Amino acid sequence: MNSVFYCHQIICSFTNCGGGGGIESGGDGCRDLPTVYNNMDIEAQTIIKEKEDCINYSQRAQWLRPAVLGANDGLVSTASMMMGAGAFDDDLKVMFFAGLIGLIAGACSMALGEYVSVSSQLEIELAQIKRDNVTNKNMEAESVSVKKENLPNPFKAAGASASAFILGAMVPLLAAAAIRDHKVRLGVVAGATSLAMLGFGWLGAVLGKAPLLKSSLRVLVGGWIAMGITFGLSKLSKLMIGWLN
């Protein structure tokens with residue numbers, strides 16, 4: 001009780017709520033104690049909210065962009081390759097190994113491409129920081145360190161891209177692995193890929209604070225177009241080869 005009484009005294013003294021009588025005499029000022037507590041609570045909640053909202057999305061983009069791009073690319077390119085192989089040949093092995101080869105080649109290509117691209121970006125930004133330091137000789141060391149912390153990491157981008165590509169490519173591969181019927185296999189691959197595209201689009205939108213519906217539909221429609229074109233051209237190639245023979 002003494003500690004509570006002491007805290008009340010402190011609050012009253014800081015808010016000038018003695019009202020002539022203070023706590024002991026029940027002055028009018030201390031009748032506003034609930035208001036003081038409410039104001040303090042609102043301020044505390046505001047500070048917490050600001051800390052929660054203070055997320056460096058530029059740093060998150062270093063791995064978010066290659067990860068989302070890699071997952072979508074692995075999913076769509078592998079599924080399209082498998083659909084194309086399925087349009088050309090009914091054999092499960094042909095379709096499965098076409099997807100597997102696409103997974104390996106695609107993961108290596110994505111990792112190398114991201115590493116080269118982000119390394120070039122890193123070199124440009126480092127050169128810009130050096131030029132800024134020469135121009136602004138009195139620039140604080142803390143400001144320079146903050147800039148360097150926000151620089152892109154080529155290894156992080158390459159790893160995120162390759163890992164995400166493999167994750168995305170596994171969806172159509174696993175969907176087709178145990179299905180013998182050709183038409184059913186094509187339908188399952190297309191269906192599983194469509195669900196995964198919606199999921200990846202939604203995840204990328206959530207992490208990047210983008211519109212959920214628009215991002216998900218963009219990924220889905222783009223994947224359908226890629227699979228449709230690959231399937232159609234492969235079917236057309238099969239017919240042309242048949243005519244030539």
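## α7 against α8

Helices α7 and α8 cross at roughly 150°, and their axes come within 8 Å of each other. That makes α7 roughly antiparallel to α8, the label for angles over 145 degrees; under 35 degrees is roughly parallel, 65 to 115 roughly perpendicular, and the rest oblique. The axes here are lines fitted to C-alpha atoms, for helices over the stretch in contact, and the angles run from 0 to 180 degrees between N-to-C directions.

Who's touching whom? On the α7 side it's L186, T193, S194, M197, L198, G201, W202, A205 and V206, and on the α8 side L212, S215, S216, V219, L220, G223, W224, M227 and F231, with contact taken as heavy atoms within 4.5 Å. These residues split into 12 nonpolar, six polar and no charged. In that tally Ala, Val, Leu, Ile, Met, Phe, Trp, Tyr, Cys and Pro are nonpolar, Asp, Glu, Lys and Arg are charged, and the others, Gly among them, are polar.

## The model and the fold

This is a predicted model, in which local features need pLDDT of at least 70 and side-chain atom pairs count only at pLDDT 80 or more, while totals for chains, interfaces and linings use all residues. Residues are numbered from 1 along each chain as its sequence is written, and side-chain values use heavy atoms, with hydrogens and water left out.

The protein has eight helices and zero strands, so its elements simply read α-α-α-α-α-α-α-α from the N terminus on, going by DSSP runs numbered from the N terminus, with helices (H or I) of at least four residues and strands (E) of at least two. Of the 245 residues, 33% are buried, meaning under 20% relative accessible area with a 1.4 Å probe and protein chains only; exposed is over 50%, and partly exposed lies in between. As for contacts between residues at least 6 apart in sequence, 71% of them join residues at least 24 apart.

## α6 against α7

Helix α7 (residues 182-208) also packs with helix α6 (residues 154-176), at an angle of about 150° and with the axes 8 Å apart. That makes α6 roughly antiparallel to α7. Their crossing is right-handed.

At this contact, α6 brings G168, V171, P172, A175 and A176, which meet R185, V188, V189, A192, T193, A196 and F200 of α7. By class, the contact residues come to nine nonpolar, two polar and one charged.

## The nonpolar core

Which residues touch the most other members of the largest nonpolar core? In this set of 25 residues, they are V189 and M197. Such a core is a set of buried Ala, Val, Leu, Ile, Met, Phe, Trp, Tyr and Cys residues joined through side-chain atoms within 4.5 Å. At least two core residues come from each of α3 (57-88), α4 (92-135), α6, α7 and α8 (212-244). The largest share, seven residues, is supplied by α3. In soluble globular proteins, nonpolar side chains tend to be buried together.

## A few residues up close

Start with G201, in helix α7, which counts as buried at 5% relative accessibility. Setting aside neighbours within four places in sequence, G201 is in contact with S215, S216 and V219. Its C-alpha atom is 7.8 Å from that of L220, 19 residues apart along the chain.

Over in helix α3 sit T78 and A87. T78 is buried at 1% relative accessibility, and its contacts beyond four places in sequence are D73, G99, L103, F165, A169, P172 and L173. A87 is likewise buried, at 1%, and touches F231, S234, K235 and K238, again not counting residues up to four places away. The C-alpha atoms of A87 and F231 are separated by 5.9 Å, although these residues are 144 apart along the chain.

F96 touches L173 and A177, leaving out residues up to four places away in sequence. Between the C-alpha atoms of F96 and M82, 14 residues apart along the chain, the separation is 6.8 Å.

Definitions and conventions: Left-handed = near helix turned anticlockwise from the far one by under 90°.
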